[in-house]
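Open your viewer and get ready to click along.

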Amino acid sequence: MQPVLLNDFKRQWSEIGAEVRGAVDAVGASGWYVLGTQVEGFERDLAQFWGLKHAIGVASGLDALEIGLRALGLRCGDRVLTTPLSAFATTMAIVRLGGVPVFCDTDANGLLDLTAAEAVLEAEPGIRFLLPVHLFGQCLDLDRLAALRNRFGVTILEDCAQSIGAAWDGRATGTVGRLAATSFYPTKNLGALGDGGAVLTGDAELATQVRRLRDYGQSAKYRHDEIGWNSRLDELQAAILAAALLPRLREWTLRRQQVAAAYTAGIRHPGVHLLRPAAPGTSCEHLFPVRVAAAQREHFEAHLKSRGIATGRHYPILIPDQQAMAGVAYARHGDLGVARALAGGEVSLPIHPQLTAEEVERVVTAVNEWTVR
Ligand SMILES: Cc1ncc(COP(=O)(O)O)c(C=O)c1O
């Protein structure tokens, strides 16, 4: 029995290998490996795909967040409202700049609870930044996000690492904030064959500053205007993304949406609750999260494993509960009970563009045949 994997990079390779080899050849023959025409070309393609004017390639999603926050003026001690349920990188970017994360609870789907966020912003007028995450590929309500921005004057950086291709009422995630940050980590919807990330914005001045920051704070060769990063997207990764991956992204997103639709229609189990987006059609289906009772989670995972089906957990430990946060300055509003309950019972089912119809059916059947202990 072939295992059903969370990501199937070998199958992906059989689909993209020829184009990747062509991209590697082109970069090798060019003799130019860092910040050249491949990065420029990919940045143009990505900006066009996203519908934002400027895309700036960087070395990772974490760097995109960190450089983005610096470009937006985050200073030591600034408070940043964010979510406790995300990849650790979301908070790490704030902390590495000396910012103070302020956590508020999530909604039942695991995304930042915008009603709770509004209450926090009312209670703490000193909060100048908001760092929301479009988790699982699901779009936060962009109208409500814009309303928070307008009412409280908070500067928003949207973490779009999981949401490339997701849209609210036709508007892409990342278009409400002044900046968007995304990741090309291999498991992402637009995953490179290594690390990479990008900052996107409609603001030309901010774009220039991000370009400077990613390259030692240089405004011209050997002219350093500020302390920056070495965070450059490689020519190789840019060429591979542009030639083999970005051109497939729309089709692959559709495929993910078909898999999600098949799971949604097929999974009928009283003990398995699907975390589906409130507004249908808004998700790029990066992950397919479900929730079971915390006491049943291991049993559910073991059952699926016995059927050859891989599962994930996104995320089992809340960010403020991580060991690394001991001794770090942060604040928390409420007990984060909704997010914590989700961290205890969430299980991610396989979803990727290379899944076959037969595998999708196998997952549906296995979930439905789970016997709760
Ligand atoms: C929501 C979120 N933010 C940030 C990151 C960080 O991206 P990277 O791994 O490219 O640094 C990730 C990916 O791990 C992520 O899922």
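A word on the model: it is predicted, with local features needing pLDDT of at least 70, side-chain atom pairs counting only at pLDDT 80 or more, and totals for chains, interfaces and linings using all residues. Numbering runs from 1 along each chain as its sequence is written, and side-chain values use heavy atoms, with hydrogens and water left out.

Next, select Asp159: an N or O atom of its side chain is 2.7 Å from a ligand nitrogen. Move to Ser183, where a polar side-chain atom lies 2.7 Å from a ligand oxygen. Then pick Lys188, with a side-chain N or O atom 3.2 Å from an oxygen of the ligand.

Now colour helix H3 (61-71), which gives 3 residues, the largest share of the shell around the ligand (helices are DSSP runs, H or I, of at least four residues).

Finally, go to the open sheet, ordered E12-E13-E15 with antiparallel pairing (strands are DSSP E runs of at least two residues, and two pair if DSSP finds at least two bridges between them). Strands E12 (273-274) and E15 (346-349) are at the edges with a single partner each, so one side of each has no neighbour in the sheet. Select His273 and you will find Arg291 of E13 opposite.

Key: Polar contact = N/O pair within 3.5 Å; in protein donor to acceptor, adjacent residues only side chain to side chain.
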